[in-house]
Amino acid sequence: MLPASLAAIFASHRWRARSRVRRALVLNPFTPAPLAAQLATTLSDGDLQRVRLDPSLGEPLRRHAGGILALRRPVS
């Protein structure tokens with residue numbers, strides 16, 4: 001799927017409202033980085049962990065996912 005197609009899916013409220021679609025977009029290595037980073041903030045902790053550990057994704061996105069997880073963890 002071409003990045004332009006991925007951006008069109010992202011722009012569609014119908015598809016963006018679905019958590020599985022958001023997860024698929026973030027996990028797709030061809031999704032433009034800014035879109036993937038924005039959508040990553042909406043993922044569950046489990047999905048973020050998956051992103052953080054996926055070697056097919058860029059290092060900045062994996063670090064971003066780890067940062068979101070760190071912010072969500074309660075401070076003891």
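R63 counts as exposed, at 53% relative accessibility, where exposed means over 50% relative accessible area, buried under 20% and partly exposed in between (1.4 Å probe, protein chains only). The model in which this residue sits is predicted, so that local features need pLDDT of at least 70 and side-chain atom pairs count only at pLDDT 80 or more, while totals for chains, interfaces and linings use all residues. Residues are numbered from 1 along each chain as its sequence is written, and side-chain values use heavy atoms, with hydrogens and water left out.

The side chain of R63 meets that of E59 in a salt bridge (3.7 Å, N to O), a term that stands for a side-chain nitrogen of Lys or Arg within 4 Å of a carboxyl oxygen of Asp or Glu. Both R63 and E59 lie in helix α6, four residues apart, about one turn of the helix. E59 also forms a salt bridge with R62, at 2.4 Å from N to O, and these two residues, three apart in helix α6, are likewise separated by about one helical turn. Salt bridges with shared partners thus join E59, R62 and R63 into one network, within which E59 is partly exposed at 37% relative accessibility and R62 is buried at 19%.

A search of the whole structure finds four salt bridges. One of them pairs R23 with D47, whose closest N and O atoms are 3.4 Å apart; this pair links distant parts of the chain, since R23 belongs to helix α3 and D47 to helix α5, 24 residues apart. R23 is partly exposed, with a relative accessible area of 24%, whereas D47 counts as buried at 14%.

Turning to the fold, the protein chain has six helices and zero strands, both being DSSP runs numbered from the N terminus (helices H or I, at least four residues; strands E, at least two). The radius of gyration of the chain is 12 Å, close to the 11 Å that the globule rule gives for 76 residues, so the chain is as compact as a globular protein of that length; the radius is taken over C-alpha atoms, and the rule is 2.2 Å times the number of residues to the power 0.38.

Helix α3 (residues 19-27) has V21, R22, L25, V26 and L27 as its buried residues. These pack against α1 (3-11), α2 (13-16), α4 (33-40), α5 (45-53) and α6 (59-72), with contact meaning heavy atoms within 4.5 Å. Over the whole protein chain, buried residues make up 32% of the 76 residues.
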